Structures are given as C-alpha cells and as structure tokens.
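Come along and follow the entries with me.

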Amino acid sequence: MATTLRDPAPAAPTRHFADDLRERSDEALVALLRARPDLATPSPSTLRSLAARASSRTSTERALARTDALTLQVLEAVLALSPARAVPEHRGAPPGAHAARPPAAVRVTPAVVARALGVSEDDASLFGEAVAHALESALLWDADPGAPLRATGVGHEPDLRTAPGLDEVLGPYPAGLGPDTETAATRALDAPGSQAGVPPLDEVPAGARAVLDALAWGPPVGVLPAPGSRARDAVDRLVRQGYLVRSDARHVMLPRAVGLALRGGHTHREPAARPPRPQGRSVARTTVDAESATAALEIVRRIAVLLATWTDAPAPLLRAGGLGVRDLRRVAAAMETDEASAAFVLELASTAGLVADDGEAPPSYVPTVSGVEWLDGALPGPDDAERWAVLVRAWAASRRTPWQIGTRDERGALRATLAPDLNRPWVPRLRAQVLEVLATAPDADGAAISLTTSAVSDVLAWSTPRAVPPERAVDGLLMEAAWLGVTGAGALSTAGRALLDEIGTSATAGADPAPEPRGAADRSAAERGAGARGTADPVVAALRAALPPEVEEVLLQGDLTGIVPGRPSRELARLLSRAADSESRGAATTVRFTAESVTRSLDHGTTADDLLAELARRSPVPLPQPLEYLVRDTARRHGAVRIGSAGSYLRAAEPTVLAGLENDPTLAHLGLVRLAPTVLAAAADAVELHEALRARGLVSALESPGGQVLDLRRARPGRAVPAPRSALVVGGRVAAAVSSAPDYAALVASLRAADVATRDTDNTASRARAEARDAARAAAGALLRDDTPEPAPAPAAGTPTPSAEAEPAEASQHPEPRYHLTDLGVHQGPQVSPGSGSTSARSGSAGSPPGFGDPSAGRGGAPTAAAGVGHDVTDAPDGEGTQHPADALAILRDAIRDGAHVWVELVGRTGSPERRRLRPLRLDGGRLRAVDPARDAELTVAVHRIAGVDPDRPGTPA
Amino acid sequence: MTDGPLIVQSDKTLLLEVDHPRAGEARRAIAPFAELERAPEHMHTYRLTPLGLWNARAAGHDAEQVVDTLIEFSRYPVPHALLVDVAETMSRYGRLQLASDPVHGLVLTATDRAVLAEVLKSKRTAGLVGARLDDLTVVVHPSERGHLKQVLVKLGWPAEDLAGYVDGEKHPIELSPTVPGRAPGEPSRPWEMRPYQEHAVDGFWHGGSGVVVLPCGAGKTIVGAGAMAKSGTTTLILVTNTVSARQWRDELVRRTSLTEEEIGEYSGARKEIKPVTIATYQVLTTKRKGVYTHLELLDARDWGLVVYDEVHLLPAPIFRMTADLQARRRLGLTATLVREDGREDEVFSLIGPKRYDAPWKDIEAQGYIAPADCVEVRLTLPESERMVYATAEPEDKYRLAASATGKKRVVEQIVAQHPDDQILVIGQYLDQLQELSDHLDAPLITGATTVRERQRLFEAFRSGEISRLVVSKVANFSIDLPEASVAIQVSGSFGSRQEEAQRLGRVMRPKQDGRTAHFYAVVARDTVDQDFAAHRQRFLAEQGYAYRIVDAEDLDAAEAA
C-alpha cells in the first residue's frame, strides 16, 4: 500500500494545553481573561477548568469571532503545519509504527509560520503582534516542553500549537489543505529521488499537473472522473504515485505536503497583514465639519419638534410595545422628514431618556422631565452644542437597531418603532468599530476621506472575518452617524472624533459595555452641564467650533418672507417658530408669515404691537408695509369668535328674570357670567345651579340639548373625573447594576491557589470523589437527571454578568430541571460529517454570522445556540460531585492527542454507571470513538452518556 | 468661509443678498443655471432644478463651473450633497444624443452603455426606437423624435438634440432700419433692437431651438422678428388669439422688410397660407369629428422657423403637434415659464431649453419697461353682503366676493384720482363689467365683441380718443396698448399667477413721459377673493413688485400722501 497515515508525534512526555496555561505568569492569565472575558464568568474554580473552558467550542467560536484576518491566517497556518493529530483510521496500531518525522522538523516556530504565510519584512512586526495576541488569548500555545524553563528567555522560539478544539472549529481542511497523510510522493518531496517511480513535482505531465493545480488552493477534495477517461487515467496515476489519496470510492484528496509544495511552501496566497485600504472620495475638513454642524442642528431641531409634538399630543403605545405606523408618520410629517429618519429620531429621544412611556392606562409616550429641561430649560439653558452632546452620548451607548424598523421578524410581525425587541447587545461594539474604521481612514493633507458602506464593511470583514457584520447594520449605523452629524459628507467630523475618543477605549477593548441605563446619558450630561458649562467638554467644544455663528437679525421683505442669513439665536428661533412658517432651512433660514402663523403667535399671548415691535427690533430694514398690514389685520380678526368653558347655562325668555343674579353675592360660588341679555353661563354644573336657583326661589327647569324639560333624577349626570395624566414621567426603568471592571487579578490568584491544592490531592482523593459521586447518583434513583436545585453559581463579588449572544436572563430567570452532563450532546451540536464541521457552529442562527444573529431566533427554535450559551452561563462550580462537561472533553482531547488512556465513566441504557479504561480515538459530532484495550474492541458512545473522565494516572484503580 | 452674497441651502435654493457689493457679479454668474424664484427687495431666491441645470448644460456650462460659482460666492460652506447632486444631475444631460447618421438617418447614441440599456428597458420608449445598431446606438423613427425627447426627460436622461434642422424654404427677411410713425404723415424714425433683445436672438440662434423669457412689454415681438431675420426662411407663428395675430402682423410690417402680402393669417376668420403665416392656437386645436382639421397647415410649407408666442399657454394638443415638428427650428416666447398646469418639462423637451432670461426689475431699471406701483385695495363688505357670503355655497363664494357691489365705488374713486391717465378696468365677470362700463361710461370689450370693433376701440384708446376701457380677459394677452398707465383689476381667474403678470404687463410699456404705471387690484376683505389675490400676487411679488395694501376707506388719504 502506497499510502499510510502519519503517526502522531511520539508524545514526548507530553505537554498539554492546560500545562501551558498553568505555566503562564499571573499577568499573562489576567491578560487572557481580559481578552476573553467569557472565560471568567462565572469564575472557573481551577486552571484545568479554565483550560477546558478555553478549548470549548463556544468559547473558541467567540474568540475567533473577534479575531482579525491575519491572526486567523496564523492560526490556520499553525494548524496546517502542526504534526498530525491521531486519526481514527489508524485504529489499533501502536504508536510509532510508521516512520515519523523527527521532532525537530515539526517545530512550528513563528519563523516557520511567517515563512509559510509569506509575510514581508514590513509586516513582520504586525505578524509578531498577531502571534503574540493569539498566544495571549490562548488560541495558540507553546508545546515546547522546555518552554517553562526558558519561557521568558530572550530568543526562545515557541513551538506553536493551536488550542484544542480549534481544529474542529476551523474545519478539517485548514487553509484549504488536505489531510496530513504520508505517501510515496510526500516522502519524495522530503527527500528527492528516494522513491522510485515518483517523478519530481516539476516533471508531472501537464494533464496530471492541471489536476493538481485545480486542487492546490483548496478545497483539496476532488471527484473522481469517469472510469476510462483520460482524466481518470491521470488521476489514477497520481494516486499511484501518491500525489493524490483516495478518500472514498468517489473522491480523491490532495495530501497536505503535496498541497504545500504546490503552493510553494505557502499556506495562503498572500498574507492578510493589513486591513484593506479603504477607498473613498476626499473631502475638505471644513466641508466635513460644516456638514456635520448642519446635521447636528437638524437633529437637535427634530428632537425639539418631537418633544413639542408629544407635549401637545402624547402618542399611544401599541399593545405589543412601540409606536404605531400612523403615529410615526405624523411625527415624520411634523419633522418634515421621511419615516426612516423620524424613526431614528424617536429611538434616539427614547435612548437619551427625553421621552418615555408614561405608564398610564392606556400608556402613551410623553416627554420626560429631562426632555422638557432639554427642550427649554431655564435660561441660560443648554445651547445647541450641549443638547447635541446629550443626544450623541446616548447614541454611543445605545443598543437599538432602528434600521430594522419596518422589517418583519421571523414570525412575520412588523417591527415597530420603539418596540422592545429592537435591542441587540452587539450594537455598541459594532458602532465603535465602524467609527474606528472611519477614524483610521487615511487622511490626505487636510482632506478627510468619505467612505461608503462597502468600504467600511471590507475593513470590518478583515478585522473579524469569522463574524462579518451584516451590511445592513453597518449601513444603518453609518446612516445614523450622518443624521447625527458624527460624520459629515461621509467622513468622521471633528466632533465625531471627540466622541470616539470618549467611547473608544472601553468599547474597542472587546468587553461589552455594561447596559446603559435609560436616562443615564442625560443625567451624566446634566452633571457635566451643571459643573462644566463653557469649560472643556471636548465633544461640546468640537461641535461648537464647527457651528456657524449665531445671527440675531431677520431680513423682512415685502412678499411676507423673512430671511435669517445664518444660524438664528435661540430667542430669534423661538420668535420665528411662533410667528412664521419655515420654508427653507440650512445655512440660512427662510420663513413666511401667513395669517395662520401670525394667529399662532397671537394665541401665545403676543399682541400685534408686541410682535411688530419685536420684529422691527430684529430687522435691519424697516418693516415692510404688507407685513405690518398682515399682522394688524390678523390681530383685528383674532378673537372675533370667543370660546370659553362653562359648567352649565341659564337662559330665560325675559332679561328681567335674570336681573341681579350675576351680582348676587349668595350665588357667587356658581360663577355666573352674563353672555347675552337673556343668557348666563355658570361654572357650576347644571344640577347644582338648578338646586341653588330653586333655593333662591327661582322656578328653574333642567333642559336637554333639544330643549325638552328633563326629570331631575334621571338627568343627574355621572361625574366622571378625568384621570390625571402625570405628563412628565421620568424613565422609570430599573437601572442595571453599575458595572465596574471585573477583578481578574483576584480571580487568577484564587485559580492558582486551587490549582496547587488540586495537584496535592492524591489519587485516593480522586477515587473517593468518584465513589462519592456514584453513591450520590445511585441515591438519586440512578438517574442522571438531578432535579434538586443546583447551588447558584457564585460569581465573584462585583463581577457583572455580561449578556452573551442571548440575554442571560433566559437561563437564570426560568429555572428548569438542570441536566448535568446530558447537555453535552447538545453542546456538541448536531452530528455533522467531517466535511461540514466548520459550519456546524453557525447552525444556531441560520444564515447570519455568529454574533450577529437575532437572539429571538435562538430563543425560538434552535436548541443548539440556546443550549450552548446556557452551558456557558450556567456553569456549575467545579467541586465535589460534579465535573464540568468541558473538563471531561478537554481530558478526552488531550488523551486523543497523546494517544493516552483515560478512565471514562459511562452511563448505560438503564442509567447504571460503568467505569472503563479507554483510549479515545476521535471526538466528533457528539460522539466519542475509543478503544477499550481490556476487551480489545472499539466502541462509539454518545458524549452525553459520559458522566466523567479521569486521566489514567499510574495507580488509578480500575 | 468667504463673505459672499450667496447662501446655498441644502434644499437647493440659493439666497442672494441684493445689497451686497458683489451681488451683481453673483447674479450674472448664477443666472445661467439657477431659476429666479422670488425677487423681493432684499434677498432674491433662486432655485436649482434639473431642468435649470440641463438648460445650463445645453448652453455649454459644465458642472465644474456651476460648482465653482456656488463655492466662490457662497457665504457658508456649500452643502456637500448638493454639489454632488449638481454634478450628478448635470452629467445626465448629453449622455444620450440624437444625431443624424449618414446611413441610418436619425439615431440615438449614448456615451454610456448602461444608460442606453436603462432607457431602452423602460416601457415608455417602446415603439419609439427601432433596431439597435450596436452597444451605443439605436435607430430612432424620425417621426418620434419629439416623443422620444419627452420620454427621455421624464426618465431623467434628457437627450441632446444634435440632429440638426431642415433648412426650410428660403424667404429673405430683414429688419428695416426705420419704423414708420403710427399716425399717417408722422415721419419714420430710425430704430434698432435693444441690447437684451439682440442677446436673446443670439442666444436662441446659437442654441438652435429654445425659449426666450422676457417681461411683458419688453418687446418679445421684436425678438421674434429678429429671429426671423436671422433665419431668412418661411416662418409659422403661433399666437393666442386673432387680435394678437393682427398685432404681430402690424409689428412685422413696421419692423421688417415684409409686406402685408407676404404675411398670411390663419384663424377662424381667414385661412391664408403665405411665406409668413400667423395662426392662432384656437384654430389649430379645433376638432371636427374628433380630428384636428387644420393640421395640414403645419406641413403646408417647408417652414424654416416656428415661433410660439406665450409658450406658457400652449395647449396640450399643440404640444403633441409640436412633437412632430422637431426637425424645424422652434422659438418660444414668454414672460414667465411658470405654468399653472406644471408642464414646464414639456416646454423643455419639445420647444427647447431656456435660451435667454432677464429679470423684470433689471429691464425696468434700464428704462425699457415702465416702473409700476402695485396697490391692493381692500374693501370691507357691508354687513348684508357678508351675510350672503357667509352662507353661500363654496363654489359661489369667489364670484360673490369678486363682484361685490362696493367695488364699483372704489373703481370710481381710483378713476377720479387719475384724471389724466389712460385707464383699463379688467375683470372676469361679464355682468360686473357691464355694470362698470355703464357706470363709468366707458366702452366694454368682451369675447363677444367683434374683432373689427375691438380693433377700433383699441385704436381709439391708443390715440387717446377714449381714455377708459373696460375689458374682460380677452385683453389679458398680447394686446399692445402702450399708453395705458393705470389698470384696475376687479376680479380674476381665481388664483392665476400668470394672469396677474399679464395684466400688469398691459401697463408696463414705457411711457413717453416716463411716468409710473399704476396697477390696482380691488379685493373684498376676509373672503376667498383676498386669498386668491394673495396667490396671484406671488409671481409679481417674487419678481420684485411689492404690493401696498390700502383699505378702501383710506384710499383718498393714501393717494394724497
């Protein structure tokens, strides 16, 4: 047989992933936890548990989702270059039966990886950072057994390995390279001329060479051509020579070494050392800032319009929460904009705590106290720049996704504005990333670069190739930034940069910012505003510098228009918004005076003379005659019809009957007012009036609207008291716990202590633990299911529970019978064939990349994601009686790697535990294949039947 | 940030500060591409429209020039999106061109394959184009040249018409160096075209076809004559009505080498076809048994030039006929491109882009049209009429308010204040006009008056024989009454802006003594009359004519002041 499988490297007293972690310094561990915060919550109790968790599929997926393209290439290259894993086909054969490469040849040092990637000199430092980052976040580890001795030594070249579990996540063909199979051809490649009948690669005939070239860059699997064809002959010859390997009846594969040789020793076509340089139009800085200022003023104006509109007429909530389409349209019309941007304004106002649900029945949206203060606080209230800062800070922390408004969710229901299900935890992080891309766009002398959505997406795709953000979200965020004036003409404005500086550090560090409590933004802004008005608030100052100067004048013209040749001051704006209709806005404001607008001003209590005087004062030119005429004429007609409210009226046929009533002091409490000689109005209601008049001796009668006399008893009107509307409700949601940075150092210290303790534990203790567990399980009815409530996870004090891809509330608020280890099977995902291994992780949120899925999707039908996450969140503390599933898996993986034996505790069909010594071969798709040396048989067990695993240490009893 | 006179708004309006030292410069710079929307006393408003930008492209301006102009004169940074949009819009013009191919005849060529594909995919172009010659060229049926242009404008890809024109039948026409006196025996005096008229003719001729916009009384007829002289071919002139046709004829005889025999009138009364033929819209749009019976006129001769008077009034059927006349030069004349029916784009596609435009106030400042004083007189209705008005059906309200009896007295007062002026009283409702005519003892001209009688009365008015004339809307257009210096409008066609402009135009011919013209609009206060009046006045107010408002009761005082 020409092909044999390469053997695992002879396990030099093997060093494991866990050993690598254990030997890391405390600082390194803290850095690891910082880079992968999910490892620390809830706190692992031992370092082994930490290692297990770090190699769990969920955590690995999550870490990879944040990995940039270069690091990913490094990982793939390391995986491709690493010595082969134990392969199950190789069952039963003793280790070392075939010629293995000398250990020296398989040292995967950074230099080897760099050469394989083809990293240029310029990018060497970037490459170094990528390797360091991968090591730091435990995606790579150092398998050099000598490492601990020289770990800190200068010039130490680590022997890189990918973290266990990473191979599964990255799929069977890392970088599109085939299996590491040894064949005649690979041997020939190692030592030219050593294998008879194998031509050197360069001398492979053209037809056959084409076959190899087609497979060279992956996928390395080809379908066998039809028998008898020339192509088939070529393939058959290649198989004979060992350039191809038959994988099954219909397919051939390109062995890894051949693939590498065909690629010229490289693992990738070219190193993705730097993000793609985004291309965009160049825009002058002044233009960007001017555009941003215009947008900023516009958003402030729109919010003001919204608050004014809802002060007058609060908008009702839909039953499912959110605002109806009709109300959205109404607001959009008032703002003179389209629905999409109006929806954003509403979301923004709500996020900033300026409007809120009033909690009445039925509930409505009304401006909050801070909203009213924001709108027209006592002079000197916040100016435009300060108001804008409130909005933009609220936006920076917002988790809302307004771009989804109007689309349908998976149940087909329309997503409404302000609906509660528009929150996505990843929004702040993506926002920071998008702004970061804008901020780092090349800046050619004084000109900014305006980027399109696709340009931004390209860069983001480089930084997180495993979790490319949906274009729609990027587009939505860019649109929001433009509406807010964080960008101008598509480039980040000075004010936007100031904002990014403010939020940048926390969000880009990778940690999900703690949920921003409603109203927090304006509270903090109010604090800032109170103490620091005029002092250095960089965001406010940056915008203020960009705003055009205020103008106090309005040019009044004969065609009843007025023009403010610049940005009107607040007082002027207020005057004009009352007395005139706006026709055009922008650098200047054009208004038109109409009878309606003047009436509006008169309704606010202004008199014609006041208004004219005020306008004259602000106009550099004399008041045009038509305007003066309009104001006077409107004032003349204003109030020609007067309306008041009365509780009841009193009419008589003769004026004499009513004479003296309104002046009678005994009837003063009725509030009588004479409207006409024979009509009086009263403040009191009809019945009270009737009774009072009867008491005075007037024979009055009650009448209906039609004039018929009514029976007093039946006529007594029910006195409905209007429900008082507490118009101003502060956003009353309970603020989430204030986050503080988790104390990773303390955690590492406790891990270290536990680790030392564990290592001291002797085997007796281990057995005792196993026995105790058996006893407990037998007592529980030999069932795995444990209905007694689990002791609550005890996170370190002050450590927040960050929400994962789904709300943690899901798991903690609905306690359900907990399955100890049985969720392992689910955790592993549905059974997948090796070919689709890399995609199985995504099955949780169909169609969307990990991390950007719709949490509700996971909640609904796909148990994989929910269970996978639940596993992470409801991590049980390690200790007596339980073993973390991931721990078990980690031990199994190590054993597979080393070809070592382990003690596995299996649960039979009847639920009875059974302890067997096995040599695990393969762990895949929720199944473990292992050899039982005692019975000399191979067995396959579902992972959920494994109750526990212990390393086979000398002396462990059978 | 310069201290320019221009403020560019993101809604594509441009505000021009008139009193700024560089205002004149800025106005000249933006005139080619921005349309004047309002010209009140301090800040003029211009608007950038696709049609305006395409007009500019047609006149040879490019986007860079437009953008540079905006940036140069703008006081504040110009909105970026606007600049992008300007460049984008302007680049759309001329991507498609109508050209003459020596082999295939009329073809539509594109400089951009995608544009041609997009246009051809549209349902609207189906049937207008023929075989596709290659990626960039498609055959156009010569008869569909106009329709295609219309459709392309609607699709947002206006085609540049480079297919040229037929030369037409030659017929020498020259401008005469002198103009004979009006009265018999009066000596001829030399004349020449005013500078702006020459510019207008040149602009038109250079562009091939298009529209010249000049205020009423600024001598549009002479621009027409100038264009005819330049063309030197047989000419078809389309005018609004018969009286106007006769005035055209008279003016052409006086100002050009044409004789009465060379000019034919094609109207309801006469059907002459001569080298120069003047036809009315009405006769062309007359239908008999569902067909236009006079269409053959359009093909009666090989016309080298077609002149459309008062383009803003072109009725829809004429548009359709014009669509078939695309191979001939077309000149549109108007005082305003504002159409109450919003068909400006058809004027653009079928007659041609705007070739010349001058603000009224400019021409007035040059002394070519009389300065005018516009006054709105507000009349308070007596109680009884207000009651009737308040309870009337909505459709009757305007008529009731417009023909309020009190207006009679107001007119009387105004007439009394202008004893030495030639006065026109203009109105909408015949019974009201009849009453006024009786009351003022002035002759009445309505649609029912015979053409001969009308001409007699107009001639008498011109000569000063009669000093007052009551006219209905027949006198809205194209009636040359140079000596009228006071117009009193008692009622109008609801809120028609162009009617108001036309009526003002009646009194705007320059007066020999340079006196100011007066335009009075009498409206009933607190009624729809007042609202319509406000709407009508918008165009003039935008052109810089500020209306004073005077209460009827204060009329004497106001005039004395």
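This is a predicted model: local features need pLDDT of at least 70, side-chain atom pairs count only at pLDDT 80 or more; totals for chains, interfaces and linings use all residues.

**Entry 1: two helices in chain B**
I looked up helix α17 (residues 406-417) of chain B and helix α18 (residues 430-440) of chain B, which pack at an angle of about 45 degrees. Their axes are 11 Å apart. The crossing of α17(B) past α18(B) is right-handed.

Which residues meet here? From α17(B) I listed B:Lys408, B:Val411, B:Glu412 and B:Val415, and from α18(B) their partners B:Glu435, B:Leu436, B:His439 and B:Leu440. I sorted the residues of this contact into 4 nonpolar, 1 polar and 3 charged.

**Entry 2: where the chains touch**
Next I checked chain A against chain B: 25 residues of chain A are in contact with 24 residues of chain B. On the chain A side, the elements giving two or more residues are α14 (285-312), β17 (561-564) and α28 (625-637). The largest share, 5 residues, comes from α14(A). That side of chain A divides into 13 nonpolar, 9 polar and 3 charged residues.

**Entry 3: a sheet in chain A**
I then traced an open sheet of 5 strands in chain A, in the order β27-β26-β25-β24-β28, with antiparallel pairing. Which strands are at the edge? I found β27 (937-942) and β28 (946-951) of chain A, each pairing on one side only. From one strand to the next, the twist averages 45 degrees.

Last, I looked at β24 (residues 902-907) of chain A, which 5 bridges join to β28(A). A:Leu906 stands opposite A:Ile946 in β28(A).

Conventions:
Residues are numbered from 1 along each chain as its sequence is written. Chains are lettered from A and ligands numbered from 1 in the order in which they are written. Axes are lines fitted to C-alpha atoms, for helices over the stretch in contact, and angles run from 0 to 180 degrees between N-to-C directions. Helices (H or I, at least four residues) and strands (E, at least two) are DSSP runs, numbered from the N terminus. A crossing is left-handed if the near helix is turned anticlockwise from the far one by less than a right angle, and right-handed if clockwise. Two residues are in contact if their C-beta atoms, placed from the backbone, lie within 7 Å. Ala, Val, Leu, Ile, Met, Phe, Trp, Tyr, Cys and Pro count as nonpolar, Asp, Glu, Lys and Arg as charged, and the others, Gly among them, as polar. Two strands pair if DSSP finds at least two bridges between them.
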